Amino acid sequence: MAKEYDILYGEANGVCKELKGVSEVAEFICTEGLKSDVEIFSEDLSLHITTFGIYLDRITDLEYREELLKVLIPMQRKLDGTDNT
């Protein structure tokens with residue numbers, strides 16, 4: 001089971017947003033990642049995730065990554081045109 005993060009903070013393009021849960025993190029990555037790279041920080045302000053646009057670059061918690069990808073990949077596929085449904 002992935003570690004729960006009560007609150008994470010997303011930053012991109014001068015936008016900073018409080019994120020609760022993997023769905024909000026995935027949505028922030030997809031929304032802001034279309035404009036620039038994204039950084040996600042933990043509550044203690046340590047860097048947790050970086051992206052290249054809408055795609056993950058680095059992530060510190062591999063179990064969290066598994067949970068995030070379950071939500072993020074379908075969103076990415078809709079954005080990049082690889083959704084075959």
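Guide: Two strands pair if DSSP finds at least two bridges between them; helices (H or I, at least four residues) and strands (E, at least two) are DSSP runs, numbered from the N terminus. This is a predicted model, in which local features need pLDDT of at least 70 and side-chain atom pairs count only at pLDDT 80 or more, while totals for chains, interfaces and linings use all residues. Residues are numbered from 1 along each chain as its sequence is written, and side-chain values use heavy atoms, with hydrogens and water left out.

Visitor: What makes β4 and β5 a pair?

Guide: Four bridges join β4 to β5, and the rule asks for at least two; the two strands therefore pair, and they run antiparallel. Threonine 50 stands opposite arginine 58 in β5, and the bridge partner of isoleucine 49 in β5 is isoleucine 59. Two residues lie between the strands of this hairpin, where glycine 53 takes a positive phi near 65°.

Visitor: How do you know that β3 is joined to β4?

Guide: Three bridges join β3 to β4, which run antiparallel. Glutamate 39 stands opposite threonine 50 in β4. The hairpin of β3 and β4 has five residues between the strands, and leucine 45 in the turn has a positive phi of about 70°.

Visitor: Why do β2 and β5 stand at the edges?

Guide: The five strands form an open sheet in the order β2-β1-β3-β4-β5, with antiparallel pairing. β2 and β5 each have a single partner strand, so one side of each is left without a neighbour in the sheet.

Visitor: Which strands does α1 lie across, and which does α2?

Guide: α1 lies across β1, β2, β3, β4 and β5, running at about 160° to β2. α2 lies across β1, β4 and β5, at about 165° to β5. Axes here are lines fitted to C-alpha atoms, for helices over the stretch in contact, and angles run from 0 to 180 degrees between N-to-C directions.

Visitor: Why is glutamate 32 called buried?

Guide: Buried means under 20% relative accessible area, exposed over 50%, and partly exposed in between (1.4 Å probe, protein chains only). Glutamate 32 has 8% relative accessibility and therefore counts as buried. This residue is found in helix α1 (residues 21-33). Not counting residues up to four places away in sequence, glutamate 32 touches Ala12, Asn13, Val15 and Val38, where contact means heavy atoms within 4.5 Å.

Visitor: Which other residues of α1 are buried, and what covers them?

Guide: The buried residues of α1 include Val25, Ala26, Phe28, Ile29 and Cys30. Their cover includes β1, β2, β3, β4, β5 and α2.

Visitor: What makes a set of residues a nonpolar core?

Guide: A nonpolar core is a set of buried Ala, Val, Leu, Ile, Met, Phe, Trp, Tyr and Cys residues joined through side-chain atoms within 4.5 Å. The largest one has 17 residues, and those with the most contacts inside it include Leu8, Val25 and Tyr64. The largest share of this core, five residues, comes from α1.

Visitor: Why is the pair of tyrosine 5 and tyrosine 64 called edge-to-face?

Guide: Rings of Phe, Tyr and Trp (its six-membered ring) pair if their centres lie within 6.5 Å; planes under 30 degrees apart count as stacked, over 60 as edge-to-face and the rest as tilted. By this rule the count comes to one aromatic pair. The ring centres of tyrosine 5 and tyrosine 64 are 5.2 Å apart and the planes stand at 85°, so the pair is edge-to-face. Tyrosine 5 lies in the segment before β1 and tyrosine 64 in helix α2, so the pair ties together parts that are 59 residues apart in sequence.

Visitor: Are these two tyrosines buried or exposed?

Guide: Tyrosine 5, at 15% relative accessibility, counts as buried. Tyrosine 64 is also buried, with a relative accessible area of 5%.
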